[in-house]
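Hello,

Here is the structure I promised to pass on. Please open it first, then read my notes below.

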Amino acid sequence: MQALNLDYMVGLVPVLLGYLPLTLGMAAAGMACALILSCLLAVIRVSRLPGLNQAAKLFISFFRGTPLLVQLFLFYYGLPQFLSFLVSINGVTATIMGLTLHFSAYMAESIRAAITGIDRSQTEAAQSIGMTQFQTMRRIILPQATRVATPTLMNYFIDMIKSTSLAFTLGVTELMGATQKEAASSFLYFEAFLVVAVIYWIIVEALSWCQKRLEKRLNRAYQR
Amino acid sequence: MTAFKTLARTLAITSLGLATFMGTATAAQAETLRVGMSGGYYPFTFVDHDKLQGFEVDVMNAIGKQTGDDIQFVTASFSGLAGMLDSGRIDTIANQITITPERQAKYAFSEPYVYDGAQVVVKKGNDSIHGVEDLKGKTVIMNLGSNYETLLKELPYADEINLKTYESNIEQDVALGRADAFVMDRTSAAQVIKDKPLPLQLAGQPFSKIENALPFRDDEKGRAQRDRVNKALDTLRENGELKAISEKWFDSDITEAPQSEGSEKTGSNS
């Protein structure tokens with residue numbers, strides 16, 4: 001049993017932290033795009049818009065039914081064979097797009113569940129005072145659904161942060177890619193992977209704290 | 001903070017839309033040689049405290065100085081490199097790529113710049129394996145997509161070897177005793193054993209000669225790049241720079257073709 005090389009671990013921390021903005025940035029951009037796309041998908045599914053509803057179903061089925069890594073490879077290495085302009089899309093953009101498509105499929109389903117979870121009487125009440133369907137959705141249903149969906153969406157965000165580690169296969173050196181390279185040159189595997197594990201853990205803990213605050217805020221209207 | 005800059009730039013580009021993509025794509029072509037490597041293959045290409053270095057890095061920089069090209073390194077996991085070359089995201093791979101008939105049919109290779117041998121490596125103290133002939137019934141691992149897999153599969157008793165390939169950390173799995181041996185090139189294996197804390201030892205002599213070169217896409221642009229690089233390699237060979245780089249990393253010259261050793265088989269390499 002050899003002793004942990006603490007000096008190496010301490011020295012690695014600032015190196016790896018340099019990749020944190022990229023990892024968090026890709027996840028945040030992916031989350032922002034996925035939120036928009038998934039809300040769109042969920043609303044299409046709930047309102048059963050003909051044609052679009054089937055397309056949304058197919059989209060969700062494909063992106064939920066295949067691994068993210070497969071999607072990334074398909075998109076980044078496969079598709080450019082047919083659509084040559086895709087070659088100019090770099091690894092970071094491709095990762096953000098992949099995260100967006102993949103996670104919006106999941107998020108659409110949990111947003112849909114949150115929307116359908118709001119009692120029908122709410123819709124009826126809104127429409128009885130003359131709101132259009134769009135107004136009902138925006139003013140009455142979505143604000144309530146947001147509160148219900150927040151914890152699951154936060155879970156997807158956490159998952160997304162960790163999924164950025166796949167970007168290294170597309171040539172993007174992010175947090176995990178940087179760690180793998182450092183470990184491959186120092187051969188101090190335990191030290192390197194322990195440091196990166198703790199970094200991921202701290203990020204997620206910080207997010208959980210934010211989630212708690214956010215939930216409290218969203219619940220304010222329900223506390224008497 | 002280069003990572004952050006890359007991201008900021010990407011976001012800016014993304015927001016400008018597809019038209020900008022096309023624009024940057026044509027602008028970026030001029031005189032830049034994009035070189036892919038794993039950055040995880042000591043001491044050919046590795047990263048120590050965020051600094052990409054190694055034999056391949058020095059060689060490519062020296063080539064760039066000769067051709068006047070701007071060398072741009074792109075690191076990706078080894079399994080992603082061939083895809084990047086095929087899809088035109090990089091121009092060549094500098095990661096100890098062995099010339100094989102299959103690869104030769106597909107790519108335009110530069111002239112060889114590394115001559116090496118395939119080597120069996122075992123855990124320190126394992127004296128039951130003395131070379132490739134002792135691998136029957138053993139678990140042997142190697143890097144995914146590497147040429148060593150093909151070499152082992154060509155052995156007459158290949159079906160008696162439990163062969164596994166994966167992405168990285170094969171050295172660690174043998175040191176831990178999860179696999180009996182790994183196969184990689186002799187020079188890096190020797191260097192890893194010498195410099196790194198893992199308990200490993202070489203098992204016997206190298207069993208197949210390998211020649212490494214730079215693969216380019218087999219089209220007009222790729223072949224032109226290859227010709228430029230070949231000319232630079234010739235110059236570096238003549239002025240001794242190639243030899244100096246080799247001695248810096250390996251204490252020996254691996255860039256010179258060995259004198260023919262008569263009986264030894266040259267394997268599948270040409």
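Helix H7(A) gives the largest share of the lining of the second largest pocket, seven residues. Keep in mind that this is a predicted model. The pocket holds about 610 Å³ of space. Its lining counts 22 residues, and the closest to its centre are Val46(A), Ser47(A), Ile115(A), Gln133(A) and Met137(A). Four helices of chain A give two or more residues each to this lining: H2 (20-47), H5 (91-117), H6 (120-128) and H7 (133-163). By class, the lining splits into ten nonpolar, six polar and six charged residues.

Next, helix H9 of chain A. H9(A) covers residues 189-219, 31 residues in total. From first C-alpha to last it reaches 44 Å, close to the 45 Å expected at 1.5 Å a residue. Several of its residues are buried, among them Tyr189(A), Glu191(A), Val195(A), Ile199(A), Ile203(A), Leu207(A) and Gln211(A). What covers the buried residues of H9(A)? The cover includes H1 (6-17), H2, H7 and H8 (175-186) of chain A, together with helix H7 (170-175) of chain B.

Now chain A as a whole. It has nine helices and zero strands. Its C-alpha trace spans about 70 × 55 × 25 Å along the principal axes. Of its 224 residues, 47% count as buried. Among contacts in chain A between residues at least 6 apart in sequence, 75% join residues at least 24 apart. The accessible surface of chain A is about 11,400 Å², and 65% of that belongs to carbon and sulfur atoms.

Best wishes

Notes
Residues are numbered from 1 along each chain as its sequence is written. Chains are lettered from A and ligands numbered from 1 in the order in which they are written. This is a predicted model: local features need pLDDT of at least 70, side-chain atom pairs count only at pLDDT 80 or more; totals for chains, interfaces and linings use all residues. Side-chain values use heavy atoms; hydrogens and water are left out. On a 1 Å grid over the protein atoms alone, a cavity is a set of points where a 1.4 Å probe fits but cannot get out, and a pocket is an open set with protein on both sides within 12 Å along at least five of seven lines; lining residues have an atom within 4 Å of a point. Grid points are joined across faces, edges and corners, and a volume is the space filled by probe spheres set on the points. Ala, Val, Leu, Ile, Met, Phe, Trp, Tyr, Cys and Pro count as nonpolar, Asp, Glu, Lys and Arg as charged, and the others, Gly among them, as polar. The expected span of a helix is 1.5 Å times one less than its number of residues. Buried means under 20% relative accessible area, exposed over 50%, partly exposed in between (1.4 Å probe, protein chains only). Contact means heavy atoms within 4.5 Å. Accessible areas come from the Shrake-Rupley method with a 1.4 Å probe; for residues, only the protein chains shown count as cover.
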